Amino acid sequence: EVQLQASGGGLVQAGGSLRLSCAASGFTFDRWAITWFRQAPGKEREGVSCISNFDGSTYYADSVKDRFTISNDNGKNTVYLQMNSLKPEDTAVYFCAAAVFLGAVVDPCSYGMDHWGKGTQVTVSS
């Protein structure tokens, strides 16, 4: 069974930094993509960033581009989200989700994420 565990959230002042981790296990195929989502009260869920382990592509929402960086540790199937220059509007519960692939595909981050983990709270004070 695929399991995803997000961690690293907390309380930080505007302009500060946090590093989120997503530890994945139980993948049945070698190829995968992992997406960070976030959801704030009263707002729709937003895709923040995505990375795959086989085609080198990454995705960033316009709202976080140039501030957040996604990366992965292949040996541990762990994905990180380095968040810098945080703003109060970044406050949300952050989730990681995964898709797995039998073979190579084009733009794996465009596929639906079928496996979800529990979120970690990020709060940015003004």
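Predicted model: local features only at pLDDT ≥ 70, side-chain atom pairs only at ≥ 80, totals over all residues.
Me: Which parts of the chain does the pair of Asp90 and Arg38 tie together?
Reply: The side chains of Asp90 and Arg38 meet in a salt bridge of 2.9 Å, N to O. Asp90 lies in a loop and Arg38 in a strand, so the pair ties together parts 52 residues apart in sequence. Asp90 counts as buried, at 0% relative accessibility. The parts are the loop between S8 and S9, and strand S4.

Me: What is the N to O distance in the salt bridge of Asp62 and Lys65?
Reply: Asp62 counts as exposed, at 68% relative accessibility. Lys65 counts as partly exposed, at 41%. Their side chains meet in a salt bridge, and the N to O distance is 3.3 Å.

Me: Which residues do salt bridges with shared partners join into one network?
Reply: The structure holds 4 salt bridges. Arg38 meets Glu46 in one of them, and Asp90 meets Arg38 in another. Through shared partners, the network joins Arg38, Glu46, Arg67 and Asp90.

Me: How many disulfides does a search of the whole structure find, and in what pattern?
Reply: Cys22 and Cys96 form a disulfide. Cys50 and Cys109 form a disulfide too. The search finds 2, and with bonded cysteines counted along the chain, the pattern is 1-3, 2-4.

Me: Is the link of Cys22 and Cys96 right-handed or left-handed?
Reply: The sulfur atoms of Cys22 and Cys96 are 2.2 Å apart. The angle about the S-S bond is 80°. The link is right-handed.

Me: Is the link of Cys50 and Cys109 right-handed or left-handed?
Reply: The sulfur atoms of Cys50 and Cys109 are 2.1 Å apart. The angle about the S-S bond is -90°. The link is left-handed.

Me: Where do Cys50 and Cys109 lie?
Reply: Cys50 is buried, and so is Cys109. Their placement is in a strand and a loop, so the pair ties together parts that are 59 residues apart in sequence. Cys50 lies in strand S5, and Cys109 in the loop between S9 and strand S10 (115-116).

Me: How many residues does the largest nonpolar core have?
Reply: Ile34, Trp36 and Phe68 are among those with the most contacts inside the core. The count for this core is 30 residues. Strands that each supply at least two of its residues include S3 (18-25), S4 and S8 (78-83). A second, separate core, which includes Ala33, Cys50, Phe101 and Cys109, has 8 residues.

Me: Which strands stand at the edges of the open sheet of 4 strands?
Reply: The order is S1-S3-S8-S7, with antiparallel pairing. An edge strand has a single partner, so one side is left without a neighbour in the sheet. The edge strands are S1 and S7.

Me: Which residue in S8 stands opposite Leu18?
Reply: S3 and S8 run antiparallel, and 6 bridges join them. Opposite Leu18 stands Met83.

Me: Which residues is Thr35 in contact with, leaving aside neighbours within four places in sequence?
Reply: Thr35 lies in strand S4 (residues 31-39). Thr35 is buried, with a relative accessible area of 6%. The contacts are Ser49, Cys50, Phe95, Cys96, Ala97 and Met113.

Key
Residues numbered from 1 in each chain as written. Heavy atoms only, no water. Buried < 20%, exposed > 50% of the residue type's maximum accessible area, 1.4 Å probe, protein only. Contact = heavy atoms within 4.5 Å. Core = buried A, V, L, I, M, F, W, Y, C linked by side-chain atoms within 4.5 Å. Pairing = 2+ DSSP bridges. Disulfide = S-S within 2.5 Å.
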